[in-house]
Amino acid sequence: MGKVYVFDHPLIQHKLTYIRNKETGTKEFRELIDEVASLMAFEITRDLPLKDVEVETPVGIARSKMIAGKKLGLVPILRAGLGMVDGILKLIPAAKVGHVGLYRDPETLKPVEYYVKLPKDIEERELIVIDPMLATGGSAVEAIHALKKRGANHIKLMCLVAAPEGVEAVQKAHSDVDIYLAAMDDKLNDKGYIIPGLGDAGDRLFGTK
């Protein structure tokens, strides 16, 4: 079963409080999402393997470290996932970015894939699927499925806020995927919104209703 990590770093928790606040406007909301994404990227990459290297400094040779192993890929779920990409790229500028677009079928209420564009070497990369909200888990489950059927086999899921129902759904469908969160909230309401959550992340990021 994939593990669930909830980051308790004080800066993440402090900024998340402002993100939750309904009085936070679009510009500040977008900046805060960007900042928290960077802080979460710092934590999510903690276990990346290192290799020993030598580098010449102005005064001698230093035995140092560089990241080794798999290349990284970021896969935001459209559209809200886009708000977290730049913050991660600030720390990992060499990461390639793919996209997965889903819409909810009005009759079945299940997510349907409408757009997938990924790096060609997806099977060689460690992928981080990104979505601010993990509510019912339907979109995350379908996005991860879309990656797996195209050859991906090293996938992590990164969300700001999750409901227990969404975490359970992802773990049931994809037991090999670890989940990284800034907060685990209480539950879903009858409309599928996370309680207390932060509202509709896409609308708040892009100023739409």
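Predicted model: local features only at pLDDT ≥ 70, side-chain atom pairs only at ≥ 80, totals over all residues.
The side chain of Glu124 forms a salt bridge with Lys71, and the closest N and O atoms of the two residues are 3.6 Å apart. This pair links distant parts of the chain, since Glu124 sits in the loop between strand E7 (111-117) and strand E8 (125-130), while Lys71 belongs to strand E4, 53 residues apart. Lys71 is likewise partly exposed, its relative accessible area being 39%.

A further salt bridge joins the side chains of Asp121 and Arg125, with an N to O distance of 2.8 Å, and here both Asp121 and Arg125 are buried. Taken together, Lys71, Asp121, Glu124 and Arg125 are linked in a network of salt bridges.

## Asp34 and Lys90

Across the whole structure, a search finds 16 salt bridges. One of them is formed by the side chains of Asp34 and Lys90, which meet at 2.4 Å, N to O. Asp34 lies in helix H2 (residues 26-44) and Lys90 in helix H3, so that the pair, 56 residues apart, links distant parts of the chain.

In general, side chains of opposite charge can pair when their charged atoms come close.

## Two cis peptide bonds

The peptide bond from Leu78 to Arg79 is cis, with omega near 5°, and Arg79 is located in the loop between strand E4 (71-78) and helix H3 (82-91). Lys71, described above as a partner of Glu124, is in strand E4, and Lys90, the partner of Asp34, is in helix H3.

A cis peptide bond also runs from Ile195 to Pro196, with omega near 0°. Pro196 is placed in the loop between strand E13 (194-195) and helix H6 (201-206).

## The setting of Leu188

Leu188 is found in strand E12 (residues 187-188) and counts as buried because its relative accessibility is 17%. When neighbours within four places in sequence are left aside, Leu188 is in contact with Ala135, Thr136, Ala163, Glu165, Tyr193, Ile194 and Ile195; Ile195 is also the residue from which the cis bond to Pro196 runs. The C-alpha atoms of Leu188 and Lys22 are separated by 18 Å, and these two residues are 166 residues apart along the chain.

Definitions and conventions:
Residues numbered from 1 in each chain as written. Heavy atoms only, no water. Helix = DSSP H or I, 4+ residues; strand = E, 2+ residues; numbered from the N terminus. Buried < 20%, exposed > 50% of the residue type's maximum accessible area, 1.4 Å probe, protein only. Contact = heavy atoms within 4.5 Å. Salt bridge = Lys/Arg side-chain N within 4 Å of Asp/Glu carboxyl O.
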